[in-house]
Amino acid sequence: MQWETVIGLEVHVQLATKSKIFSGASTAFGAEPNSQACAVDLGLPGVLPVLNEAAVAMAVQFGLGIHAEIPEVSVFDRKNYFYPDLPKGYQTSQMYHPIVGPGEVEITLEDGETKRIRVHHAHLEEDAGKSLHEDFHGMTGIDLNRAGTPLLEIVSEPDMRSAKEAAAYLKAIHSIVTYLGISDGNMAEGSMRCDVNVSVRPRGQASFGTRTEIKNVNSFRFVERAIAFEVERQIELLEDGGEVVQETRLFDPERDETRSMRTKEQANDYRYFPCPDLLPVELDRAYVDHLRDNLPELPADKRARFQEALGLSAYDAGVLSASREMAEYFEVVKEVCGDAKLAANWVQGELSGALNREGLPIQDSPVSATQLGELVSRVMDDTINGKAAKQVFQALWNGEGDSADEVIEAKGLKQVTDTGAIEAMIDQVIADSPAQVAQYRDAEPDKRGKMIGYFVGQVMKASRGTANPQQVNALLKEKLDALC
Amino acid sequence: MALEHADVLRAAHLARLGLDDDEAAHYLDDLGRILAMVDQLQTLDTEGVDPLAHPLETTQRLRADEVTETDQRDRFQRCAPAVEQGLYLVPRVVE
Amino acid sequence: MHDKTLTELAAGLAAGEFSSRELTQALLARIDRLDGDLNSFISVTAEQALAAADRADAARAAGDAGPLTGVPLALKDIFCTEGVKTSAGSRMLDNFIAPYDATVVEKLRAAGTVSLGKTNMDEFAMGSSNENSFFGPVKNPWDRDAVPGGSSGGSAAAVAAGLVPAAMGTDTGGSIRQPAAFCGITGLKPTYGRVSRYGIIAYASSLDQAGPMARTAEDCARLLGAIAGHDLRDSTSVARGVPDYTEELDAPLAGLKIGLPREYFGEGLDPAVESAVREAIRVYESLGATVREVSLPHTHYAIPAYYVIAPAEASSNLSRYDGVRFGHRCDAPADLTDLYKRSRAEGFGEEVKRRILMGTHTLSEGFFDAYYKKAQQVRRLIRQDFLDAFDEVDVLMGPASPTPAFDLGARKDPVSMYLQDIYTIAINLAGIPGISVPAGFVGHRPVGLQILGTHFAEARLLNVAHQFQQATDWHLRRPALAEETL
């Protein structure tokens, strides 16, 4: 039987506020345990929450970024359950009236095709603390520093049909939130976490199969692997005549499998009700319009502009708009040199290669965008040739100079375009290579084109790479042919 | 809406209140009578009436995003039953 | 000094007739002598009180005294008080030394008042008799066989017995007004949002409100001025200026329109209470007020709606007592569930458990619409009843409670205890202010007249109550207990 996979994602994004969603405690990562858990975060008797303006603004910005409806009123509810990392015995969340209504996210697949994934809604809530399972005499330690960090939970419709689509969606969300600057998107530190709902159904069947939820999948790669495993597991189960049980599963990256979370608990009953300590959040139109007017250009728009206005290929536009840092870098290079295609080639070629080798993110590149732009300009105005340009790039990368011009000067890489000087070098090479000249002369005229390469190489070598290769080529051909 | 013994045990579990069977039976009796009193609500037609969550229907005031709290861990943990290395201790959590 | 009003004591301090230290010492001695029997205090903080009194005297000497500097009072043990046990009347918090001050406590401290200690109360403010306290019941100073009312029973008894001139209470369904009525003192529940709830241990968040309990309306006016106001730490507190509540106290009542809710004079009302209340209303007529009957047609549904909303909110508010970060923790928990279940079973008393179970049940899947949503709809209808009534009249009047204080141990059945709050509970659902003033006796037991106003009409209520107290002397009567042991 042909099976179709159906995937929906719940993505939790930690918002990059300075203070917590309901208290003035810091959200900084990595502090001493419980040193950033204030009275409100601890749920001490008598404390009360007050909502952080920045968390609201960031949630609305996200909503605007996915062209979602922004309801005028949203309401906080309490989700009641007991867990040691949940200090109040309830999580303040938004069940019935979320801050962001339906919207959509465009994803780009590997073949360059795009697809729209609908977002059901996004809501604000508070993060929980952390349980540390190191051995404290058989006890678990609870650190509540993270408790109260604002989260935006983005709930998709079950619109994805493959692990690749799910990963692309997660990347798209990542790029939107980092473009907006509303999250650092650091998955290793848990700034973005993801629950995956997976089901399979016979191709052509309209109704969904029974789904499982894979909790806390925390990297793009793990999302793909977890889904791949889970889809296979479900299909095998169904083909063996079994049934998929609706349950929560955990992904174990070490064993590359999902497994059922042991739930001896009765089914949860979260007893949602409106939080009586908080009032409805009303967003006036002027406020939302102000946020809309100040929204940065988002990846999808940028990609379209790169293609349409700059004439880049769909692939180049996609790669260069994937992250805000990459796009900003590229745009500076393009601004400085004035040629989008050359700029794109350099950013994706020499620069990306070097970054990948060193495992550096683009914002940590030793070569600044302005430096690279100037370098490209020098290629464009024939100051240096392509080969020398690579040397200049390497020198800048190694910190051997502050600008392309400085390196060109110091290393004497300026391209030689003086015909007389090039001719002198050519004459010398011809004089030094009688055997090769003889071969050239004896060859069929249509084979000579290939053989000229040797002489070009020698001349370039003699010029220490600075001779203009086009000139060298033309003059060599002229001189050699004259010998024939 | 009649209340059953299982309902009391279920509520007790959700609320993490340890109850033995005798206590549950006692509360079943009390809660049954309280619910009977509460069920008078059902005689009132509230079709089309908006629920009222707060007596004053005002809206949420927002706080500026500023860090105003300092580390007071030692003070807050003085009233904690079990802490070690700044962590609150609980019986091992199995995941 | 113990039978003076707070206003008189403030004047005495200002005139230098006695120091705050002398006054504090005298009252501490009186508490020591009398409270063993009454049990109105959970904690007496003599040392902190004397230090505060000395600071007040020093401030006065330096010319920095405000109107309440050096005035002693007590706090219901529901207000978090830094460095002082704050138990909410529960075993759960018997070991809880609050690490911070409630906003009300902070404001009273800033005003220079001297807290003598923390008063007894029904556990987590759940009760109408103060019999639900882990620290034992409180006796009514007027009759030691009677309850003082609840949940602010300790505050009411302490004021009535002359142990303090005033005390802070909280009122979720009548917990200031009913004990004030039972103990023959004046107690004001302000408009919801008028006084910050920050640092007050929550019972039902959309209903809880703190207010003053004292001998006179004038005393309450001074205290309300000190504790009211917008608090950035309480989202539900209201950004609205605080007037000088003493300013309008002397305004004449000629032309005042009083409404008598028909539903507050019906079945279940003790005839002796009714006649005391009607007599009080005749006093108002003699002061130039006009009286008419009005209707609050949904009164009957207030107790059912309250016993959905309050337990639901409480069940969630009390989830934080889990034995992890503060409060009671059971011995040697076998696992996490055992830690929760035993700590909570041991830490909470019967009435608290009853309400947690009730709230958990009504919020659970399948019941939410029939109970919680329905109760909130009814809540709107109840509030509308009051708003409609206040279109026609300035204030509403009636009994604070259908009976005078009942005997300790007399009400075993929870439902009959709940029905006791028939005249006070709707006020919290509507969020309006109400005040109870002494209006006579049935035998030895006081009767309270309840006066209600529209949202933020506290100044008017205090004026109406004060004028009554200028014309009567019920509020000046003192229980024999206090007299005997002078």
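Two residues are in contact if their C-beta atoms, placed from the backbone, lie within 7 Å.

## Ground rules

This is a predicted model, where local features need pLDDT of at least 70, side-chain atom pairs count only at pLDDT 80 or more, and totals for chains, interfaces and linings use all residues. Residues are numbered from 1 along each chain as its sequence is written, while chains are lettered from A and ligands numbered from 1 in the order in which they are written.

## The annotated spot in chain C

An unreviewed UniProt entry gives C:Lys76, C:Ser151 and C:Ser175 the annotation "active site"; such annotations may be inferred rather than shown by experiment. They span 100 residues in sequence, yet no two of their C-alpha atoms are more than 11.0 Å apart, so they gather at one spot.

## A look at C:Lys76

C:Lys76 sits in strand 2 (residues 72-76) of chain C; strands here are DSSP runs of E, at least two residues, and helices are runs of H or I, at least four, both numbered from the N terminus. Is C:Lys76 buried or exposed? It's buried, with 32 other C-beta atoms within 10 Å (buried takes 20 or more, exposed 12 or fewer, partly exposed in between, with C-beta atoms placed from the backbone). Setting aside neighbours within four places in sequence, its contacts include C:Thr119, C:Met121 and C:Ser152.

## And C:Ser151

You'll find C:Ser151 in the loop between strand 3 (114-119) and helix 5 (153-160) of chain C. C:Ser151 is buried too, with 35 other C-beta atoms within 10 Å. Not counting residues up to four places away in sequence, C:Ser151 touches C:Ser175 and C:Asn130, among others.
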